[in-house]
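Biologist: I would like to go through this structure and ask what lies behind some of the labels. Please show it first.

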Amino acid sequence: MTSLLKLKHIHPGLVQSWPGSKLRQVSVDRATPGSQSSLREANRARLVDAIKRFGAITQVELAGATGLSTATVSTIVKELVAAGVLMTAPVSRSGRRAQQVSLARQLGMVAGVHFSQRMLRIELADMAGTVVATQHMPLPYEHRADTGMDRAARLIHDMVESVGATPEELLGVGLAVAAPVDVRTGLLSVRGVLRGWDEVDIPGSFSRRIGKPVWIDNDANLAIVAEHRYGAAQGCDAAVFVAIGHGVGAGLLVDGCVVRGHGGMAGEIGHVRVVENGRVCVCGNRGCLETVVNSGVLVETLRATHGNLALRDIIAKALAGDVGCTRVVADSGEHVGAAVAALCNVFNPQRVVVGGILGTAGEIALAPLRATVARASLASQFAELDVVQSTLGEAAEVRGAVALALDSVALPIGTLEVAHVY
Ligand SMILES: [Zn+2]
């Protein structure tokens, strides 16, 4: 019983779409459709796809997730371990021994980057999904896209070096941006929301800087993916992530898939009108939620009594019991709750996960948000709706960018050549 597996170069046909909970089409032109080898390759792709989505997973769970028999799973796992694509480790599940399967660390690594109005966050992860390095640095308000991307490219380079890896080991980068984005074009969908980034082909431009494939999505969309996979929305088929910070945004997950809408603008609750004839918003409309809940307004509201505070100081003081800071954080939660209630009436999520800087204030923001949602959404629906704090905190978006890169990166599984079949 001998088997010989040989890896060829990454096949250009093996490009996988994001996110797609459905099975992906993997085209491998070498194989004849319907032939034994094309079936084997399709099964390998299905198995690796499940591992990418679920992270480390036992062989029994893999059989459940892919619909393949445990015998087929076991055979493919053996082949892919021999080829260096997968690795296994013994684990104990409910007192029984099992083999846990994950992508092999030595396949390489990916980076996730979160660009927000004022902050840059980066995580470097191996192909098993383990984060091996993190970095963050402030960005100047209304910085130019070039500034953000130059800094991120330099930081990624340094981080790869700091973990003792070579530039070749970096396989791709996922980007999370704090604005609605059309993932087909890589352009922001609305002008003015992330100033300095309009009309820029962001993934193309970043890919030229770093010399690697780059993928992009809105930060709240990626945050709900991360919370669904690793955080507070695990096990939910329908969930909403609400980020409250310098602005307000939401990511929607329905039937396990991210809902982006036609131009990438689904979930932009920051631009729901909450004040008739209110202040003019960056989007050009009046009275948007973001004109009431944004760092500038919160800081300004407290200036007369508290002096010049940063948003982070306001949260810290609220958590320490300052009544004025507690008031503005609670009021923000209430305002956001009104928009979230409308979203709940439309999408009927099982869980609302609250993140962003205001999310770190915990119940001070969550309790009024929850009360408003209870008041303004369908009573029967609210009985089964949780409003909870993000477990990934301010790293939710960047962790989602890592997941995007892990899911999108092409692996050489479709071109494994089985020279001798046992
Ligand atoms: Zn607006």
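Biologist: At what angle do helix 10 and helix 12 pack, and how far apart are their axes?

Modeller: This is a predicted model. In it, helix 10 (residues 323–347) and helix 12 (residues 363–376) pack at about 35 degrees, and their axes are 7 Å apart. The crossing of the two helices is right-handed.

Biologist: Which residues of helix 12 meet helix 10?

Modeller: On the helix 12 side they are Ile364, Ala365, Leu366, Pro368, Leu369, Thr372, Val373 and Ala376. Among the residues they meet in helix 10 are Val329, Gly333, Glu334, Val336 and Cys344. By class, the contact of helix 10 with helix 12 has 14 nonpolar residues, five polar and one charged.

Biologist: Why is Val275 called partly exposed?

Modeller: Val275 has 13 C-beta neighbours inside 10 Å. A residue is exposed at 12 or fewer and buried at 20 or more. The count for Val275 falls in between, so Val275 is partly exposed.

Biologist: Where is Val275 found, and what is it in contact with?

Modeller: Val275 is in the loop between strand 14 (257–259) and helix 7 (289–292). Leaving aside neighbours within four places in sequence, its contacts are Gly287, Thr291 and Val292. Val275 and Gly287 are 12 residues apart in sequence, with 4.5 Å between their C-alpha atoms.

Biologist: What makes strand 7 and strand 11 edge strands?

Modeller: The open sheet has five strands in the order 7-6-5-8-11, with mixed pairing. Strand 7 (131–138) and strand 11 (214–218) each pair on one side only, and they are the edge strands. From one strand to the next, the twist averages 15 degrees.

Biologist: How do you know that strand 8 and strand 11 pair?

Modeller: Two strands pair if there are at least two bridges between them. Five bridges join strand 8 (residues 170–177) to strand 11, so the two count as paired. They run parallel, and Val177 stands opposite Asn218 in strand 11.

Biologist: Which strands does helix 4 lie across?

Modeller: Helix 4 (residues 145–162) lies across strand 5 (109–115), strand 6 (119–126), strand 7 and strand 8. Its direction is at about 35 degrees to strand 6.

Biologist: How many helices and strands are there in the protein, and what share of its residues count as buried?

Modeller: The protein has 14 helices and 17 strands. Of its 422 residues, 44% count as buried.

How values were computed
Residues are numbered from 1 along each chain as its sequence is written. This is a predicted model: local features need pLDDT of at least 70, side-chain atom pairs count only at pLDDT 80 or more; totals for chains, interfaces and linings use all residues. Helices (H or I, at least four residues) and strands (E, at least two) are DSSP runs, numbered from the N terminus. Axes are lines fitted to C-alpha atoms, for helices over the stretch in contact, and angles run from 0 to 180 degrees between N-to-C directions. Two residues are in contact if their C-beta atoms, placed from the backbone, lie within 7 Å. A crossing is left-handed if the near helix is turned anticlockwise from the far one by less than a right angle, and right-handed if clockwise. Ala, Val, Leu, Ile, Met, Phe, Trp, Tyr, Cys and Pro count as nonpolar, Asp, Glu, Lys and Arg as charged, and the others, Gly among them, as polar.
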